Amino acid sequence: MSSREDDEPATWLDSDQQQAWINLAKVLLTLPGALESQLLRDADLTLLGYMILARLSVVPEHTLRMSQIAEMANGSLPRISHAVTRLEDRGWVTRTVRTGQGRRFTEATLTPAGRTHLEESAPAHVATVRRLVVEPLGRHFVGFGRDAQRIVEALGLPTEILRP
């Protein structure tokens with residue numbers, strides 16, 4: 001059974017599109033591992049853990065609901081809970097159960113130790129991002145980011161950037 005609703009024949013990629021897609025797929029499959037290897041080696045952090053700490057560092061009171069973290073990471077609550085547990089075990093995040101509007105929810109808060117660890121980890125991580133992504137793209141990097149935003153939007157993911 002076809003997953004396509006309209007059952008029209010597939011429009012195949014031309015050779016240039018196919019080459020571009022293969023290269024993008026290589027980036028999608030390889031870049032996260034390269035970034036995570038550096039973070040694990042230098043900071044004892046997964047890429048997801050780093051992204052959680054970084055996101056908490058730029059929001060008011062350095063606190064987000066677990067559901068907001070899951071949305072940011074496009075992950076399930078159990079996956080995010082496991083990642084936050086690892087950060088909590090290291091003293092970089094605390095969790096607090098709250099009630100409001102007749103519901104219970106859990107918030108994660110960046111600790112001073114977590115902020116210090118993030119600040120110490122960031123220079124090597126940014127250097128890796130520059131080496132693997134920014135420098136190879138050069139002056140095309142910002143345009144590539146704008147192009148990538150269209151993919152983010154097509155995936156239905158939030159596109160807003162939180163700034164300190």
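Guide: An axis here is a line fitted to C-alpha atoms, for helices over the stretch in contact, and angles run from 0 to 180 degrees between N-to-C directions. The model is predicted: local features need pLDDT of at least 70, side-chain atom pairs count only at pLDDT 80 or more, and totals for chains, interfaces and linings use all residues. Residues are numbered from 1 along each chain as its sequence is written, and side-chain values use heavy atoms, with hydrogens and water left out.

Visitor: In what order do the 3 strands of the open sheet stand?
Guide: Helices (H or I, at least four residues) and strands (E, at least two) are DSSP runs, numbered from the N terminus. Two strands pair if DSSP finds at least two bridges between them. In this sheet the pairing is antiparallel, and the order is β1-β3-β2.

Visitor: Which strands stand at the edges?
Guide: An edge strand here has a single partner, so one of its sides is left without a neighbour in the sheet. That applies to β1 (63–65) and β2 (93–100).

Visitor: How many bridges join β2 to β3?
Guide: From one strand to the next, the twist averages 30 degrees. Strand β3 spans residues 103–110 and runs antiparallel to β2, with Thr-96 opposite Glu-107 in β3. The number of bridges joining β2 to β3 is 8.

Visitor: What angle does helix α2 make with β3?
Guide: Helix α2 (residues 47–57) packs on the sheet and touches β1, β2 and β3; contact means heavy atoms within 4.5 Å. Its direction and that of β3 make an angle of about 95 degrees.

Visitor: How far apart are the axes of α2 and α5?
Guide: The two helices pack at an angle of about 120 degrees. Contacting residues include Leu-53 of α2 and Leu-118 of α5. The axes are apart by 10 Å.
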